[in-house]
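Hello,

Here is the structure I promised to send over. Have a look at it first, and then read on for what turned up.

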Amino acid sequence: MINTLNESSLHRTLKQLYSLEDDFTTEEKVGQWICDITNANRNQIIEIQTSNVSKLKSKIVGLLSLEKKVKIVHPVIIEKTIETYDLDGKLLYRRKSPKKENIYSIFKQITGLTELLLHESFTLEIIEISEIETRIKLSQPTQVKNKARHHLKNWVKTDKKLKQIYKTHIFKTAKDYLNLLPQYYLQTSQNDFTVKQTRELLNLKNVKTNASLMVWVLKKMDLIEEIYKEKREIHYRISKDSSLRSE
């Protein structure tokens with residue numbers, strides 16, 4: 001049971017699903033790292049990351065240096081149900097969380113990986129899912145172990161469970177990332193756009209920050225470039241050489 005003590009049910013379930021093929025095993029050591037899933041010849045590595053993907057940077061860099069093919073699987077929670085139990089395990093109430101992610105939420109997770117995203121041996125697989133988050137209600141407000149709470153609450157999160165997988169997105173080439181940019185399809189505005197215009201074209205709830213991060217990440221990947229600034233707004237265009245890295 002190496003490296004599994006702090007796994008959520010969500011993480012364990014996804015690991016089981018992605019290791020169903022006969023030649024894949026779990027919790028194998030490759031170099032100095034324990035990997036979630038490896039194939040028989042240990043050339044392909046699959047890591048399940050339910051939190052910030054950028055935290056895996058050193059591991060990804062190390063595995064790529066060993067000439068391994070690395071796939072990171074990251075779930076995006078488009079629907080969440082919260083179940084709260086008392087200390088005796090009795091369900092008190094169940095409700096839908098108002099917080100919803102979308103495919104554009106991935107950009108806040110990969111800001112630290114911009115130089116790796118187009119590596120020929122790297123793949124990012126995003127799965128849109130619904131999950132169940134379980135909590136235990138306490139008698140008084142408390143702080144969590146990692147002291148991450150700014151305001152004390154009378155509950156603690158105990159687990160995350162997979163409810164359903166809706167859709168899978170594969171990101172490997174420049175085109176895979178540019179496909180999320182609406183201007184990529186609008187030839188008239190392709191060579192001159194702003195973050196504000198991108199956000200308006202996407203027309204999604206809670207996408208303001210995500211649109212800004214997407215533009216930032218694509219710029220760091222050299223897929224788009226600044227062309228001028230007008231009235232405090234930076235104007236961008238899709239880089240001329242980005243199509244050369246789209247296959």
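How many salt bridges does the count come to? The count comes to 12, where a salt bridge is a side-chain nitrogen of Lys or Arg within 4 Å of a carboxyl oxygen of Asp or Glu. Please keep in mind that this is a predicted model, where local features need pLDDT of at least 70, side-chain atom pairs count only at pLDDT 80 or more, and totals for chains, interfaces and linings use all residues. Residues are numbered from 1 along each chain as its sequence is written, and side-chain values use heavy atoms, with hydrogens and water left out.

One of the salt bridges joins Glu7 and Lys15 at 2.6 Å, N to O. Both Glu7 and Lys15 are buried (under 20% relative accessible area, with exposed over 50% and partly exposed in between; 1.4 Å probe, protein chains only).

Next, the hairpin. Strands S4 (residues 69-85) and S5 (residues 91-96) pair in the antiparallel sense over 5 bridges; strands are DSSP runs of E, at least two residues, numbered from the N terminus, and two of them pair if DSSP finds at least two bridges between them. Between S4 and S5 there are 5 residues, and Gly89 in the turn has a positive phi of about 90°. Ile82 has Arg95 in S5 as its bridge partner.

A salt bridge also connects Arg94 with Glu83 (2.9 Å, N to O). Arg94 lies in S5 and Glu83 in S4, so this pair ties together parts 11 residues apart in sequence. Arg94 is exposed at 51% relative accessible area, whereas Glu83 is buried at 9%.

Best wishes

Methods
Helix = DSSP H or I, 4+ residues; strand = E, 2+ residues; numbered from the N terminus.
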